[in-house]
Amino acid sequence: MDLRFTPEEIAFRNEARTFFEATLPPDIRRKQMLGQRLTRDDMVTWQRILNKKGWACPMWPKEYGGTGWDAVKYFIFKEEGYRAWAPDVLGHNIQNVGPVICAFGSDEQKAFFLPKLRNLDLWFCQGFSEPGSGSDLASLKTRAVREGDHYIVNGQKLWTSGGHHADWMYALVRTDTGVKKQAGISYLLFDMKTPGVQVRPVVTLDGHPYTNETFLDNVKVPVKNLVGEENKGWNYAKFLLGNERAGIARVGLTKARVRLAKALAERVYVDGAPMSENRQFREKLAAIEVELKALEITNMMVVAGMKKGGAKHDPRTSVLKIKGSEVQQASLECQMELAGPDAMARQVGFMEAKVADAIGREGMANSAPNYYFSRVLSIYGGSNEIQRNIIAKAVLGL
Amino acid sequence: MDFDLSEEQRMLKESVDRLLEDRYSFEQRKTYTKAPDGWSRELWQQYADLGLLSVPFDSKYGGFGGGPVETMILMEAFGAALVLEPYFATVTLFGGCVRIAGTEAQKDALLPKIGEGKLLGAFAHSERNSRYDLADVQTTAKKDGSDWVLDGEKTVVIHGDCADKLIVSGRISGGQRDKDGIGLFLVDAKAPGVTRKGYPTQDSLRAADITLKGVKVAAGDMLGESGKAFPIIERVAQSAIQALSAEAVGGMQEMLDITVEYLKTRHQFGVPIGSFQALQHRAVDMLVATEQARSMAMFAAMMVDEKDDAERAKAINAVKVHIGKSGRYVGQQSIQLHGGIGMTLEYKVGHYFIRSTMIEILFGDTDHHLAALARAGGLIAPGTTA
């Protein structure tokens, strides 16, 4: 048993560290650190920098632009990115539709989409959830009826995150109503400019139009935009489960946030003394750090197991989702508590211009909206309760 | 990065697991508690024959030459079986003091005997007022020619009742809670002036309160330098916490397994109670806590020999905080999910709950270690970048 990285892994970590420090644009780094929202341009800029380096989609098969890294190296890459305050790549492109096209797409789809997904030339959004289909996703009702060379799609999608930025949607649609609900679903791609697609912004608790609802009214989708086989869409969507295991807990991001909170605590005064000397605050942070350390080791054990091609149902994987979201939430709660009354003003990022070195009480201006928004971490991608259902069944056999 | 056990470690694990599976059923354990010592001398000899009692000692002293990972393997197995024998007191605490601070002569004299099962030891350090402060020592050590004379009282000395030899801390100089001025002394448990009052502890283990009245100690029986014992005591306490963290994980896994089994077999309202979602989610949270605790036991094994004193101390604080919290959670839920049957001593799950409660107290509870970690600045340094 040796819990250290190998010399090769350490060399890679240094390479990644140098790369992130040298290439992450300072304004993007500052926004990330202050918890401000990135613009579409910010996302595109950063992903193209990564793509130029060949690091935009590390875990894709090598022939489609992946790096061939094992899970440990990918973990190191993610951790180093968070350490430098680098944003995540657009998950819809890289962790969702991309891997599905790699695995199940036609040659034409691969040739057309994969380079554009990597370079964020096309921005994809997800059309899975519906007003009546959340945790019970397979009950979705959006209907696609084949007419010649096209599907005619009708229905309504909800929680279309980034839909207002999106060029394309990957959607689950019902193509057969006469079978078990999972067996009548297909995986379609379509251009958001297709007539009949209408996006209405849904403002989330943080005050941002992060997500949307999307109305689909007789949307004509060419049959060649069907991924894989008709009625097999549920399998393709499920194929993604656990795909992002190595990075899902975002240990490095929470570490960076705790580090920042400690630096800010030195400048926030309570009863004449800095918060960094306040026993209650220090103990609260220390308790988060303990959970985070356990999570980090758990994460390392999971990626070490993946590297060895270990068990697919490592129970620790589900720990990463549940604990990862809880610890992220705890760290953001803590930031808001640190901000105190500074958390109250609503103009998001109002102090941005004054922040010279991106540290100070101004750094806390987004802490309340970030706290609100952090509640989604235990909801999306299968709520933590759904995760518990899965573990109870798959791991504990209940 | 590699979390797999080596071939030797796997063999060690297999041999201890096999022995305990044969000899440590809940019923068998009950008979051992009724022996005069409260544990089995015969099994102790078997541990010795399998080489378990020399695991952390160098091969120079007839040892297995194992490190923290080997200790983790053993303690996890002991935790799962609720082992009663004085391994922790003799090998981890007493043996740990000798291993860390003993002279060649002292190691030669003591470590092989421990390994052979012929010497039981105990660490007589804590006192009525010391609580979790390792520097709080009132027992006095006064120079008498070249010898020393010890006077004072030690309390809750784990397995102090059966020990052949004790390592006693005494204050040579300074105030009651000064880190400077503490000495460690090897004392024969039957030496004139030593009185022991043995008793069972909550978890069916044994302890003793020990009175020392004018106990003479030869100069050669001091461990380490005069007045400089505090860092040794700290190191031993850290090793103890490393060992306890693995024992705790062994116990938590058992509590989880026993509880899940119960959820599958206990029927109410015509169905297994494990079909109820409220109980399923609780069981999953027990699993999450157990897995996180296992990670912290790994972290303890990784950090207990860390050379940087401050980093090592903080890491061990963090481990004890987690073990304390997760052990309490898993223990409480294992009782709750069992319902009434969880409340009786006739059923095994409660015994794990009790032991994990005692583990939380040993060598500093959750609040103590959280406060220490927070005081020391936590695990992550402040900064806007790394």
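**Exercise 1. Find where Asn218(A) sits in chain A, and work out whether it is buried or exposed or in between.**

Step 1: Look for the element. Asn218(A) belongs to strand β7, residues 211-222 of chain A. Strands here are DSSP runs of E with at least two residues, helices are runs of H or I with at least four, and both are numbered from the N terminus.

Step 2: Check the surface. Asn218(A) has 47% relative accessibility, so it counts as partly exposed. The cut-offs, with a 1.4 Å probe and protein chains only, are: buried under 20% relative accessible area, exposed over 50%, partly exposed in between.

Step 3: Look at the backbone. Asn218(A) is not a glycine, yet its phi is positive, about 50°. Most residues other than glycine have a negative phi.

A word on the ground rules: this is a predicted model, where local features need pLDDT of at least 70, side-chain atom pairs count only at pLDDT 80 or more, and totals for chains, interfaces and linings use all residues. Residues are numbered from 1 along each chain as its sequence is written, chains are lettered from A and ligands numbered from 1 in the order in which they are written, and side-chain values use heavy atoms, with hydrogens and water left out.

**Exercise 2. Describe where chain B meets chain A: how many residues are in contact?**

Step 1: Count the residues. On chain B there are 49, and they are in contact with 53 residues of chain A.

Step 2: Get the area. Chain B and chain A bury about 4,500 Å² between them, 69% of it on carbon and sulfur atoms. Buried area is the accessible area (1.4 Å probe) that two parts lose on being put together, summed over both.

Step 3: Look for charges. The rule finds 3 salt bridges across this interface; a salt bridge is a side-chain nitrogen of Lys or Arg within 4 Å of a carboxyl oxygen of Asp or Glu. One of them joins the side chains of Lys308(A) and Asp2(B), at 3.5 Å from N to O.

Step 4: See which helix of chain B does the most. That's α8(B), which gives 16 residues to the side that touches chain A.

**Exercise 3. Sum up chain A as a whole: how many helices and strands does it have?**

Step 1: Chain A comes to 12 helices and 10 strands.

Step 2: Of its 398 residues, 56% count as buried.

Step 3: Along the principal axes, the C-alpha atoms of chain A fill a box of roughly 75 × 50 × 45 Å.

Note on methods: Contact = heavy atoms within 4.5 Å.
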